[in-house]
Amino acid sequence: MIINISQRLRTIVDLVQKSNIICDIGTDHGLVPIFLVQNKIVKKAYACDINEKPLKTAQKNIDEAKLTSYIKTIKSDGLQSLPDENFDYAIIAGLGTPLILDILKHDKNNISKYIICSNTNVADIRMWAKVNNYQILTEKIIYENDKYYECLVINKQLKNINNSKLDLLMGKSHSQKDFNFEIYSKLWNKRLLKNKKLIEILKKKDYKRYKNLKKINKQISKRLKYVSEKFL
Ligand SMILES: C[S@@+](CC[C@H](N)C(=O)[O-])C[C@H]1O[C@@H](n2cnc3c(N)ncnc32)[C@H](O)[C@@H]1O
């Protein structure tokens, strides 16, 4: 059975290059590893989840796709129960940034790259890569069900390139060949507007935060202007 996946999951699997072994952390339905093996992008995969119910669903989908020899389900809290193999990628998608950062506390030497996709505070994940001296290779923004998700490919074999505070906040996808200006500008205009509303509230309540957020918004506007001039 050939599976169909959402646009969000499609963007995530498109970030995976041909490889031997991957793991999908918080796999739920198991669709990511199924798609990758079915389309011969990866040879072998581990579908990992902390909960029994999603693992059963994943196993059922793997059985139906007749891929039991290639995809194993594992009950694991994050990366903690992964087998001792060399993983080309660990994929972590559909979880909030605080949980992702908790999972990354157990970062392992046998994982070469991460594909991480979150819709909150992605700057904290960029900061994690910087602190650990890992390079962010690619970034993608996805819009699905009225939410913006930011996906990062982090290569642990390459050293971090010096990033400014603004790069950590907004990423550097605008320097990529396949940059999507439309979605980038929608996301950042939405955040600018949200910040503006917060600035108005903070004005009377918290002067220090008010000044700080005003400064950040000014920098975001400047970057947006620079990027629009480059791409429009
Ligand atoms: C919203 S689903 C995301 C499914 C899929 N990755 C996606 O992007 O569509 C989150 C899944 O993560 C699992 N999960 C939550 N905490 C986890 C942890 N610490 N380790 C592994 N899986 C976890 C949940 O059981 C659930 O199946």
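Predicted model: local features only at pLDDT ≥ 70, side-chain atom pairs only at ≥ 80, totals over all residues.
As for extents, the C-alpha trace covers about 60 × 35 × 35 Å along its principal axes. The chain carries 8 helices and 7 strands.

How is it divided up? Domain 1 runs over 7–162, and domain 2 over 182–231.

Now the inside. Buried residues come to 29% of the 232 in the protein chain. In soluble globular proteins, nonpolar side chains tend to be buried together. Here, the largest nonpolar core has 49 residues, and the ones touching the most other members are I91, I115 and I116. Which residues does I91 contact, once neighbours within four places in sequence are left aside? They are I12, I22, D24, I25, V32 and I115.

On to the ligand. There are 16 residues around it, and G26, D28, P54, A93 and G94 come nearest. Two elements give two or more residues to that shell, namely β2 (42–49) and α4 (97–104). If you sort the shell by class, you get 8 nonpolar, 5 polar and 3 charged residues.

Let me finish with two individual residues. S112 sits in strand β5, residues 111–118. Is S112 buried, exposed or partly exposed? It has 17 C-beta neighbours inside 10 Å, so it counts as partly exposed; the buried label needs 20 or more. Skipping anything up to four places away in sequence, S112 touches F87, D88, K156 and Q157. With I3, by contrast, S112 has a C-alpha to C-alpha distance of 27 Å, and the pair is 109 residues apart in sequence.

The other one is Q219, which belongs to helix α8, residues 207–231. Q219 also counts as partly exposed, because it has 14 C-beta neighbours inside 10 Å. And here's a pair to click on: Q219 and L166 are 53 residues apart along the chain, with their C-alpha atoms separated by 7.4 Å.

That's my tour, thanks.

How values were computed: Residues numbered from 1 in each chain as written. Core = buried A, V, L, I, M, F, W, Y, C linked by C-beta atoms within 7 Å. Buried ≥ 20, exposed ≤ 12 C-beta atoms within 10 Å, placed from the backbone. Contact = placed C-beta atoms within 7 Å. Near = placed C-beta within 6 Å. Helix = DSSP H or I, 4+ residues; strand = E, 2+ residues; numbered from the N terminus. Nonpolar A, V, L, I, M, F, W, Y, C, P; charged D, E, K, R; others polar. Domains from an automatic or database assignment.
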